[in-house]
Amino acid sequence: MGHHCCSRQKVKRGLWSPEEDEKLVRYITTHGHGCWSSVPKTSSILGLQRCGKSCRLRWINYLRPDLKRGSFTEHEERVIIDVHRILGNRWAQIAKHLPGRTDNEVKNFWNSCIKKKLIAQGLDPKTHNLMPNTRPPLSITHQTYLTFPKIPARPSPLVPT
DNA sequence: AATTTCAGCAACCGCCAAGTT
DNA sequence: TAACTTGGCGGTTGCTGAAAT
């Protein structure tokens with residue numbers, strides 16, 4: 001059923017309330033982040049009944065102060081496509097090339113937007129190659145697509161260790 | 001105006017690897 | 001060294017508001 005980390009005590013699930021956000025931010029600003037398992041133990045005193053995993057995700061994807069909000073720019077979209085062509089669905093790695101963006105955000109953007117665009121251009125979103133039996137219906141052809149700036153192949157300095 | 005369908009996104013789940021006991 | 005814990009990741013679900021009927 002649930003995670004082993006949450007199975008012991010009652011924990012809340014689902015969307016976070018502004019009050020919960022506030023409690024988590026207060027906890028992180030005083031204790032710092034890094035030991036997520038201790039967050040629910042300590043902060044449950046404040047009434048935050050979330051498992052460590054949920055706290056970590058909420059912080060990383062929404063509460064972190066260095067997050068960039070708003071729509072992806074054309075440049076960011078280009079970076080995602082180029083890096084994805086090399087790395088595939090390694091969202092965390094891709095997100096490292098986009099300051100202020102999270103892996104979840106990149107993944108959602110890919111699934112809801114970029115994938116459709118590539119398919120509309122007759123490109124296989126997995127391989128980025130022209131799909132058989134399809135013609136690019138739009139103005140961008142495979143040839144023009146291939147002229148986009150390339151990123152060095154793996155193993156690449158793009159991926160910091 | 002009411003209902004249904006769709007799209008986008010936040011959050012969960014299960015798995016894995018590394019660290020600890 | 002096996003068992004357990006924890007953090008991290010990618011796939012997927014399901015909620016919500018917008019658009020369509």
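Hi everyone. Let me begin with a term: a residue is called buried when its relative accessible area is under 20%, exposed when that area is over 50%, and partly exposed in between. By that rule Glu 105, with a relative accessible area of 24%, is partly exposed. One thing to keep in mind throughout is that we are looking at a predicted model.

Let's stay with Glu 105 and see who its partner is. Glu 105 forms a salt bridge with Arg 101, and the closest N and O atoms of the two are 3.0 Å apart. Is Arg 101 itself buried or exposed? Arg 101 is buried, because its relative accessible area is 4%.

If you step back, you'll find a network of salt bridges here, linking Lys 68, Glu 76, Arg 101 and Glu 105.

How many salt bridges does a search of the whole structure find? The count is 11.

Now please turn to helix α1, which covers residues 18–31. Here Glu 22 and Arg 26 form a salt bridge, with 3.3 Å between the closest N and O atoms. Both residues lie in this helix, four residues apart, and that is about one turn. Arg 26 counts as partly exposed because its relative accessibility is 40%. Glu 22 is partly exposed too, with a relative accessible area of 49%.

Next, a stop at Arg 64. You can find it in the loop between α3 and α4 (74–87). Its side chain makes a polar contact of 3.0 Å with the side chain of Asp 66. Which residues does Arg 64 contact once we leave aside its neighbours within four places in sequence? Those are Trp 59, Gly 100 and Thr 102.

My last stop is Leu 48, in the loop between α2 (38–43) and α3 (52–63). Leu 48 has a relative accessible area of 0%, so it is buried. Look across to Glu 20 as well: Glu 20 and Leu 48 are 28 residues apart along the chain, with their C-alpha atoms separated by 6.2 Å.

Notes
Residues are numbered from 1 along each chain as its sequence is written. Chains are lettered from A and ligands numbered from 1 in the order in which they are written. This is a predicted model: local features need pLDDT of at least 70, side-chain atom pairs count only at pLDDT 80 or more; totals for chains, interfaces and linings use all residues. Side-chain values use heavy atoms; hydrogens and water are left out. Helices (H or I, at least four residues) and strands (E, at least two) are DSSP runs, numbered from the N terminus. Buried means under 20% relative accessible area, exposed over 50%, partly exposed in between (1.4 Å probe, protein chains only). A polar contact is a pair of N or O atoms within 3.5 Å; within protein, one must be able to donate a hydrogen and the other to accept it, and residues adjacent in sequence count only if both atoms are side-chain atoms. Contact means heavy atoms within 4.5 Å. A salt bridge is a side-chain nitrogen of Lys or Arg within 4 Å of a carboxyl oxygen of Asp or Glu.
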